[in-house]
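Work through the exercises below with the sequence and the structure side by side. Try each task before reading its solution.

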Amino acid sequence: MIRIPDSALVLLIGASGSGKSTFAARHFDAETVISSDQLRGALAGDEGDQHATDAAFARLHQWLDARLAAGALSVVDATNVEWMRRTELVRRARQQGRSAIGITFDLPLDLCLARNAARSRSVRAAVIRRQHDELRRGLDRLDLEGFTAVYVLRNEAEVEGAVVQIEKGPVARAL
Ligand SMILES: Nc1ncnc2c1ncn2[C@@H]1O[C@H](COP(=O)(O)OP(=O)(O)OP(=O)(O)O)[C@@H](O)[C@H]1O
Ligand SMILES: [Mg+2]
């Protein structure tokens with residue numbers, strides 16, 4: 001059971017194609033999810049336009065800070081495989097006195113590659129390999145990054161069977 005305080009920051013962590021957005025759509029209300037791809041799309045007209053990455057993350061941080069300050073559940077849907085990106089997000093939650101929960105999609109590389117190949121907007125295989133490597137190298141240090149809790153899903157069955165429980169805290173301020 002994945003327990004999440006309703007004022008927490010949730011980081012989805014996993015290579016492209018590992019199923020983060022699918023998981024988010026299944027377990028969280030759409031308005032709680034902040035997606036770097038959607039922000040890139042809104043800023044550049046193309047979700048895959050990597051040139052828009054810096055601008056997308058600047059917006060993501062602003063939006064996240066406002067939600068965290070209001071005590072609103074915030075799910076960041078980005079690969080988050082780089083420890084520096086994770087640390088920056090966790091720091092923002094801590095600054096507002098919020099919990100930071102990591103949900104990691106440690107799925108086999110071949111599965112991410114196969115799912116990605118079947119998508120209309122596919123990411124280059126080399127990029128996914130690099131993300132997968134970086135995720136695996138970072139797994140051991142996740143516990144040292146300031147998260148309140150980190151859950152690691154290691155195969156399709158664990159993802160399929162995951163139960164997310166959002167737990168009520170003090171009443172959140174309206175945004
Ligand atoms: N549990 C699942 N079972 C079967 N197919 C899945 C599952 N989760 C995701 N998929 C499929 O895999 C593909 C990638 O999933 P998704 O878009 O959720 O990945 P992602 O981690 O958000 O990738 P990105 O980082 O590129 O946004 C999609 O086509 C999706 O339908
Ligand atoms: Mg996605």
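This is a predicted model: local features need pLDDT of at least 70, side-chain atom pairs count only at pLDDT 80 or more; totals for chains, interfaces and linings use all residues.

Residues are numbered from 1 along each chain as its sequence is written, and chains are lettered from A and ligands numbered from 1 in the order in which they are written.

**Exercise 1.** Find which residues surround ligand 1 and which elements supply them.

Step 1. Take as near any residue whose C-beta atom, placed from the backbone, lies within 6 Å of the ligand. The shell has 16 residues, and the closest are Ser16, Gly19, Ser21, Thr22 and Arg115.

Step 2. Helices (H or I, at least four residues) and strands (E, at least two) are DSSP runs, numbered from the N terminus. Helix 1 (20-27) and helix 7 (156-161) each give two or more residues to the shell. Helix 1 gives the most, three.

**Exercise 2.** List the residues that Val10 touches, leaving out those up to four places away in sequence.

Step 1. Contact requires C-beta atoms, placed from the backbone, within 7 Å.

Step 2. The partners of Val10 are Ile4, Ser74, Val75, Val76, Ile101 and Ile103.

**Exercise 3.** Describe how helix 5 meets helix 6.

Step 1. From helix 5 (residues 109-117) come Leu109, Cys112, Leu113 and Asn116; from helix 6 come Ala125, Ile128, Arg129 and His132.

Step 2. Sort them with Ala, Val, Leu, Ile, Met, Phe, Trp, Tyr, Cys and Pro as nonpolar, Asp, Glu, Lys and Arg as charged, and the others, Gly among them, as polar. The contact has five nonpolar, two polar and one charged residues.

Technical notes: Two residues are in contact if their C-beta atoms, placed from the backbone, lie within 7 Å. Axes are lines fitted to C-alpha atoms, for helices over the stretch in contact, and angles run from 0 to 180 degrees between N-to-C directions.
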